[in-house]
Amino acid sequence: MSTTINPDPAPGSLAFVPLEANPELLTSLLHKLGLSPALQIHDVYSITEPELLAFVPRPALALLLVFPISATYESARLAEDAGTPEYDGKGEDEPVIWYKQTIRNACGLMGLLHAVSNGPARNFIEPNTPLHQLITSSVPLPPQERSALLERTPELAAAHQEAASQGATAAPNAQDDIDLHYVCFVKTEDGTLWELDGRRKGPIARGKLDDDEDVLSEKALLWGPLKFLEGGGDDMRFSCVALAGSLE
């Protein structure tokens with residue numbers, strides 16, 4: 001079956017227990033893999049109310065949206081991806097590092113990797129850590145080989161399993177069909193807002209932000225998560241977390 005029609009990993013593929021969108025767990029996972037304690041994951045209580053957005057330290061370096069994969073969303077994805085070639089970027093000149101998802105139910109991990117592999121957050125990865133080694137090894141690889149590298153990196157699997165087992169709610173089985181999905185938005189040094197999702201054909205440039213705008217700016221929210229909410233219908237299972245400076 002075409003990966004455009006069904007981009008999900010095939011049944012029987014390597015599978016991880018889905019990650020709960022819990023800032024403490026996600027922060028712990030990133031720190032364990034090698035992100036500096038200077039950054040952490042924060043709850044985003046609202047993307048429409050400025051007084052609630054104010055709880056997140058700025059600038060926010062990445063935004064992760066959890067959303068339901070609805071028929072409306074899938075129709076929009078198919079239409080947008082139909083005329084797009086499969087991404088084959090690699091190397092130091094690649095505008096962003098993008099990871100194709102080949103591990104079932106690992107979209108939370110893909111979102112976190114996209115968040116810390118791109119933009120200013122990458123400067124907060126500590127040397128000689130699993131994250132540093134993974135990104136350094138990923139840069140010269142095309143997407144399929146990059147995905148294979150993720151599958152055979154035991155530190156990723158171990159840290160992910162530890163985080164997934166500590167959620168506030170009972171964790172589903174790794175092989176379960178889950179209809180909630182993570183997508184990541186990052187701003188790179190040239191001001192581009194990128195939508196990074198391992199279910200898509202590649203990274204998607206959504207527009208250019210000004211120097212004083214971050215992923216929680218009005219423009220970024222309009223181009224990013226608010227588009228998802230508009231197509232969500234009656235299903236309101238949306239949530240957001242952001243990567244930003246630590247409060248401690």
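**The nonpolar core and its surroundings**

Modeller: Leaving out neighbours within four places in sequence, Leu243 contacts Leu30, Leu35, Leu39, Gln40, Ile41, Ala60, Leu61, Ala62, Ala115, Val116 and Ala121. The model is predicted. Leu243 belongs to the largest nonpolar core, a set of 47 residues, and is among the members that touch the most others, together with Leu19, Leu29, Leu35, Leu112 and Leu113. Helix H4 (residues 107–117) gives the most to this core, with 7 residues. A second, separate core has 23 residues, including Leu63, Phe185, Leu216 and Cys240. In soluble globular proteins, nonpolar side chains tend to be buried together.

His181 lies in strand E3 (residues 180–187) and is buried, because its relative accessible area is 4%, under the 20% cut-off. The His181 side chain makes a polar contact of 2.7 Å with the side chain of Asp197. Not counting residues up to four places away in sequence, His181 also touches Leu65, Val66, Phe67, Ile69, Gln101, Cys107 and Arg199.

Helix H3 (residues 71–81) has a buried side and an exposed one. Tyr73, Glu74, Arg77 and Asp81 are buried; they span an arc of only 95° around the axis, so they lie on the same side of H3. Ala71, Ser75 and Ala79, on the other side, are exposed. The cover over the buried residues of H3 includes strand E2 (62–68) and helix H9 (225–230).

Technical notes: Residues are numbered from 1 along each chain as its sequence is written. This is a predicted model: local features need pLDDT of at least 70, side-chain atom pairs count only at pLDDT 80 or more; totals for chains, interfaces and linings use all residues. Side-chain values use heavy atoms; hydrogens and water are left out. Buried means under 20% relative accessible area, exposed over 50%, partly exposed in between (1.4 Å probe, protein chains only). Helices (H or I, at least four residues) and strands (E, at least two) are DSSP runs, numbered from the N terminus. The arc is that of the directions from the helix axis to the C-beta atoms. Contact means heavy atoms within 4.5 Å. A polar contact is a pair of N or O atoms within 3.5 Å; within protein, one must be able to donate a hydrogen and the other to accept it, and residues adjacent in sequence count only if both atoms are side-chain atoms. A nonpolar core is a set of buried Ala, Val, Leu, Ile, Met, Phe, Trp, Tyr and Cys residues joined through side-chain atoms within 4.5 Å.
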